[in-house]
Amino acid sequence: MDSADEQLPELPGDAFRKQDTADDAEFYAPARLVTHIDEAATEALTAYYRTVLPPGGVVLDLMSSWVSHLPEEVDFAEVIGHGMNAAELRANPRLTRSFVQNLNQAQVLPLATGSCDAALCCVGVQYLQRPVDVFTGVRRVLRPGAPCIVSFSNRCFPTKAVAIWRSLGEEGHAALVRLYLERAGFAEVSAKALQDGRRSDPLVVVTGRS
Ligand SMILES: C[S@@+](CC[C@H](N)C(=O)[O-])C[C@H]1O[C@@H](n2cnc3c(N)ncnc32)[C@H](O)[C@@H]1O
């Protein structure tokens, strides 16, 4: 895809271009049982989840893998994982069920309207070519007032990140993700740096409420 999302007309025409234009399924075919952010950044994210996620609720972990960074001591009714690699999702001990879907090809989620109490998207947002459609879909499956928590660092697979992401720094990334969530209809959208990057990977969360 080379043209900008029509729901984000303020962005340049090549905003969602990727260097690697092959089907994402090829890139994600080998299971990567690795961590994408360091331990301090992970711990900061888990601590944040502890303050925001409703114990006992249904959590959707979008763009997941073999780790969800959820607080170990908190039980959830369900943790639904979504990703690109079934083996990675099977290896994730927190998931109660999962599905594989290429969000750059199909944005409608196979989940009932208003069925989730929270949605997470950790270090994946930079790969989305239809972010407003994706997050509009996430808002549909959330119950009113439920949080959508999008987190990111300064690392990525550069050939798979969209051009606008590669052209921006950390503040620009936060503004971009805020724009995605606001344009998707989320309320109370705010950004917060959980790690400033001096002693660990930087980690920023952008949270909105459905
Ligand atoms: C860097 S990994 C992050 C995995 C996990 N959230 C974590 O915190 O370790 C990026 C993830 O984005 C997801 N992803 C990338 N491209 C995608 C696409 N086109 N459609 C759906 N998911 C995609 C895959 O699930 C991949 O595992």
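**The sheet and its surroundings**

Modeller: Seven strands form an open sheet in the order β3-β2-β1-β4-β5-β7-β6, and their pairing is mixed. At the edges stand β3 and β6 (187–195), each with a single partner strand, so one side of each is left without a neighbour in the sheet. From one strand to the next, the twist averages 15°. Helix α6 (residues 170–183) packs on the sheet, where it touches β5 (147–152), β6 and β7 (203–209), and its direction makes about 15° with that of β7.

Some conventions are needed here. This is a predicted model, in which local features need pLDDT of at least 70 and side-chain atom pairs count only at pLDDT 80 or more, while totals for chains, interfaces and linings use all residues. Residues are numbered from 1 along each chain as its sequence is written. Helices (H or I, at least four residues) and strands (E, at least two) are DSSP runs, numbered from the N terminus. Two strands pair if DSSP finds at least two bridges between them. Axes are lines fitted to C-alpha atoms, for helices over the stretch in contact, and angles run from 0 to 180 degrees between N-to-C directions. Two residues are in contact if their C-beta atoms, placed from the backbone, lie within 7 Å. A residue is buried if 20 or more other C-beta atoms lie within 10 Å of its own, exposed if 12 or fewer, and partly exposed in between.

Strands of a sheet pair through backbone hydrogen bonds, either parallel or antiparallel. Strand β1 (residues 58–62) runs parallel to β2 and is joined to it by four bridges; L60 has I80 in β2 as its bridge partner. Four bridges also join β1 to strand β4 (residues 118–122), again in parallel, and here L62 is partnered by C121 of β4. Further along, β2 pairs with strand β3 (residues 97–100) in the parallel sense over four bridges, with F99 in β3 as the bridge partner of H82.

Burial is a feature of these strands. In β1, five of five residues are buried: V58, L60 and L62 point one way, and V59 and D61 the other way. Strand β2 (residues 78–83) is mostly covered too, with five of its six residues buried.

V59 also belongs to the largest nonpolar core, which has 55 residues; V59, C116, A119 and V177 touch the most other members. Such a core is a set of buried Ala, Val, Leu, Ile, Met, Phe, Trp, Tyr and Cys residues joined through C-beta atoms within 7 Å. Leaving aside neighbours within four places in sequence, V177 is in contact with V125, V150, F152 and V206.

The ligand is surrounded by 16 residues, of which M63, S65, G83, C122 and G124 are the closest.

Definitions and conventions
Near = placed C-beta within 6 Å.
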